[in-house]
Amino acid sequence: MRDFLLRFSRGHNLRDDEDIFALGIVNSLLSMQLLNFVETEFQVSLGEGDLELDKFRTVNAITNLILSKAK
C-alpha cells in the first residue's frame, strides 16, 4: 500500500499514520485510482459503506479496511 502511495508523495517519507489527504498526496482524481488499486491489488470489493474518507485517510486505515474485507 505504501509503495503505491509513495509514487505520488513527491519525496515525502510517508509514515503509516500520516493523513494522505492533509499532506496533499491524494486528491479527488488520485482517490479514484486508489480505490481501483485496492480492489484490484487485494481482490476485495468495496461497497458504499466502505467509501468513508476516514477508511482511506492513512496507510494504517486502508490496511485495516483491506483486512476487514478479506475475512
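Begin by selecting F4, which counts as buried at 8% relative accessibility. The model on display is a predicted one.

Next, show the aromatic side chains. Three aromatic pairs are counted in this model. In one of them, F4 and F37 are stacked, with 4.2 Å from centre to centre and 15° between the planes. This pair connects distant parts of the chain, since F4 belongs to helix α1 (residues 2–6) and F37 to helix α2 (residues 28–42), 33 residues apart. F37 is also buried, its relative accessible area being 18%.

Which residues of α2 are buried? They are L30, S31, L34, L35, F37 and V38. These residues lie on the same side of α2, because they cover an arc of only 165° around the axis. Display α1 and α3 (59–69) as well, as the buried residues of α2 pack against both helices. Then turn to the face of α2 directed away from its buried side, where the exposed residues L29, M32 and T40 are found.

Finally, inspect the two ends of α2. At its start, select N27 and L29: a side-chain oxygen of N27 comes to within 3.1 Å of the backbone nitrogen of L29. Just after α2, select Q43, which adopts a positive phi of about 50°.

Terms used: Residues are numbered from 1 along each chain as its sequence is written. This is a predicted model: local features need pLDDT of at least 70, side-chain atom pairs count only at pLDDT 80 or more; totals for chains, interfaces and linings use all residues. Side-chain values use heavy atoms; hydrogens and water are left out. Rings of Phe, Tyr and Trp (its six-membered ring) pair if their centres lie within 6.5 Å; planes under 30 degrees apart count as stacked, over 60 as edge-to-face and the rest as tilted. Helices (H or I, at least four residues) and strands (E, at least two) are DSSP runs, numbered from the N terminus. Buried means under 20% relative accessible area, exposed over 50%, partly exposed in between (1.4 Å probe, protein chains only). The arc is that of the directions from the helix axis to the C-beta atoms. Contact means heavy atoms within 4.5 Å. A polar contact is a pair of N or O atoms within 3.5 Å; within protein, one must be able to donate a hydrogen and the other to accept it, and residues adjacent in sequence count only if both atoms are side-chain atoms.
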